Amino acid sequence: MVLYTTNSTTGEPEKAFSKDNILLVSNNKHVSVESSVSINANSLSVAKIDCRNFKSIRMFGTSSLANSINLAFSETLNGTYRNVDNKLTMTNINSVNTFSIELNNTPNYISFYNTNSSNCDLILNYVLYS
């Protein structure tokens with residue numbers, strides 16, 4: 001399991017963390033470490049979740065925006081990411097914007113697309129299931 005970001009100097013994808021940082025590996029599930037994902041206004045995030053060899057994912061966390069964030073899928077890391085109908089829909093709980101989503105039949109890579117006019121910061125956790 002790998003979460004990719006973009007190297008600020010070269011612009012190339014690099015691993016933000018990999019399998020060595022997995023908190024739990026049991027019963028065919030992999031739990032990520034908590035990650036911060038920043039997404040510019042009207043932009044695709046540089047962070048991508050590697051879902052290869054997994055069948056489903058559960059994502060949950062918090063957002064700096066109350067508006068939804070679209071998901072974008074690709075079959076290759078540097079390929080074209082297409083927006084899909086799935087969104088991180090925010091629920092306000094005690095003045096905190098939270099989200100939770102479960103997806104079956106995951107693509108190889110998932111990214112996030114911010115269609116809002118303001119930048120967005122996510123605190124993201126996810127569990128991949130094989």
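From the N terminus on, the elements of this protein run β-β-β-β-β-β-β-β-β-β-β-β-β-β, which amounts to 14 strands and zero helices. Both kinds of element are DSSP runs numbered from the N terminus, with at least four residues for helices (H or I) and at least two for strands (E). The model is predicted, so local features need pLDDT of at least 70 and side-chain atom pairs count only at pLDDT 80 or more, whereas totals for chains, interfaces and linings use all residues. Residues are numbered from 1 along each chain as its sequence is written, and side-chain values use heavy atoms, with hydrogens and water left out.

Of the 130 residues in the protein, 44% are buried, that is, under 20% relative accessible area with a 1.4 Å probe, counting protein chains only.

The largest nonpolar core holds 25 residues, and Met59, Leu71 and Phe112 touch the most other members. Such a core is a set of buried Ala, Val, Leu, Ile, Met, Phe, Trp, Tyr and Cys residues joined through side-chain atoms within 4.5 Å. Elements giving two or more residues to this core include E5, strand E8 (56-63), strand E9 (69-74), strand E13 (109-114) and strand E14 (120-129). E14 gives the most, with five residues. Residues up to four places away in sequence aside, Met59 touches, among others, Ile49, Leu71, Phe99, Ile110, Phe112 and Leu124.

Five of its six residues are buried, so E13 is largely enclosed by the rest of the structure. Strand pairing, which requires at least two DSSP bridges between two strands, connects E13 to several others. E9 pairs with E13 in the antiparallel sense over five bridges, and Ala72 has Ser111 as its bridge partner in E13. Strand E6 (residues 43-44) is joined to E13 by two bridges, again antiparallel, with Asn114 in E13 as the bridge partner of Ser43. Strand E7 (residues 48-50) also pairs with E13 over two bridges in the antiparallel sense, and Asp50 stands opposite Tyr109 of E13.

Ser35 is buried, with a relative accessible area of 7%, and its side chain reaches the backbone oxygen of Val33 at 3.3 Å.

Notes: Buried means under 20% relative accessible area, exposed over 50%, partly exposed in between (1.4 Å probe, protein chains only). A polar contact is a pair of N or O atoms within 3.5 Å; within protein, one must be able to donate a hydrogen and the other to accept it, and residues adjacent in sequence count only if both atoms are side-chain atoms. Contact means heavy atoms within 4.5 Å.
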